[in-house]
Amino acid sequence: RHFGHQVLAITFVVASIVVSCRSGIGEAEKLDLSKTPTQRSHDVFAVQTRNGAVAMRMESPLMEHYDADTVSYDAFPQGISVYGYTEDGLLESIIVADDARHIVPKKANQDEIWEAFGNVIMHNVLEQETMETDTIYWDQAKREIYTDCYVKLYSRQGFLQGFGMRSDDHVRNSI
């Protein structure tokens, strides 16, 4: 009689595990891996150097890495700050945004692009110029920053506004 209760209890446990696993498999099949981060990093701090000197520094509270069929990209959903330095090590430019992405196409003939969204502020410290816009793109291969969105530019010469802007990647030469 005691043995029969043990067999019944073991059968119930095995049945529960099988049922639980089956319901989990259905959830896993619904998972879209192109929209699910494969890596998540908190309090990101990265430095890029040129000839031993700091050229650029990047900070973000959260970075998520995604890997889709045609591109890989890093998302910065809690914002990003990028600091650019001159060859002499002086802080030259600051770019901050509410959200950003670094897109790396898997095809060899396409360029890496950085995209920044929401309250984008670019400040050239040395020239005392500040630009505000909603969206900005940085093409690393072309070393160019650009947007077609509404732009406000504050400088020592005054205030300008309009649509679109192109600049080198240190925000030195804007048009």
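Visitor: How many bridges join β7 to β8?
Guide: The two strands run antiparallel and are joined by 10 bridges, where strands count as paired if DSSP finds at least two bridges between them. This is a predicted model, in which local features need pLDDT of at least 70 and side-chain atom pairs count only at pLDDT 80 or more, while totals for chains, interfaces and linings use all residues. Residues are numbered from 1 along each chain as its sequence is written, and side-chain values use heavy atoms, with hydrogens and water left out.

Visitor: And what is the bridge partner of Trp114 in β8?
Guide: Trp114 has Trp138 as its partner in β8. In the hairpin of β7 and β8, four residues lie between the strands, and Gln128 takes a positive phi near 55°. Strands here are DSSP runs of E with at least two residues, helices are runs of H or I with at least four, and both are numbered from the N terminus.

Visitor: How many bridges join β6 to β7?
Guide: Five bridges join β6 to β7, and this pair runs antiparallel; here His102 has Trp114 of β7 as its bridge partner. Strand β5, residues 91–97, also pairs with β7 in the antiparallel sense, over four bridges, and Ile95 stands opposite Met122 of β7.

Visitor: Staying in that area, is Glu115 buried or exposed?
Guide: Glu115, which is part of strand β7 (residues 113–124), counts as buried because its relative accessibility is 13%. Buried means under 20% relative accessible area, exposed means over 50%, and partly exposed lies in between, using a 1.4 Å probe and protein chains only.

Visitor: Which residue forms a salt bridge with Glu115?
Guide: The partner is Arg101, with the closest N and O atoms 2.8 Å apart; a salt bridge requires a side-chain nitrogen of Lys or Arg within 4 Å of a carboxyl oxygen of Asp or Glu. This pair links distant parts of the chain, with Glu115 in strand β7 and Arg101 in strand β6, 14 residues apart.

Visitor: What else is Glu115 in contact with, beyond its neighbours within four places in sequence?
Guide: Besides Arg101, the residues are Asp99, Ala100, Ile103, Ile136 and Tyr137, where contact means heavy atoms within 4.5 Å.

Visitor: How many salt bridges does a search of the whole structure find?
Guide: The search finds seven. One of the salt bridges is between the side chains of Asp67 and Lys106, at 2.9 Å from N to O. Asp67 lies in strand β2 (residues 53–67) and Lys106 in the loop between β6 (99–105) and β7, so that pair links distant parts of the chain, 39 residues apart. Both side chains belong to partly exposed residues, with relative accessibility of 37% for Asp67 and 44% for Lys106.

Visitor: What about Lys152 and Glu132, where do they lie?
Guide: Their side chains meet in a salt bridge of 3.6 Å, N to O. Lys152 lies in strand β9 and Glu132 in strand β8, so this pair ties together parts that are 20 residues apart in sequence. Lys152 is partly exposed with a relative accessible area of 26%, and Glu132 counts as partly exposed at 27%.

Visitor: Changing topic, which residues make the nonpolar surface patch?
Guide: The patch is made by Tyr150, Tyr154, Phe159 and Phe163 and covers about 450 Å². Patches are built from residues with over 30% relative accessible area and no salt bridge, joining like charges within 9 Å and nonpolar side chains (Val, Leu, Ile, Met, Phe, Trp, Tyr) within 5 Å, and the areas come from the Shrake-Rupley method with a 1.4 Å probe, only the protein chains shown counting as cover for residues. Strands β9 (144–155) and β10 (158–168) each supply at least two residues of the patch. Tyr150, for its part, is found in β9 and is partly exposed, with a relative accessible area of 36%.

Visitor: Last one, is Ile80 buried or exposed?
Guide: Ile80, in strand β4 (residues 80–85), counts as buried at 7% relative accessibility. Not counting residues up to four places away in sequence, Ile80 touches several residues, among them Met58, Ile95, Val96 and Trp114.
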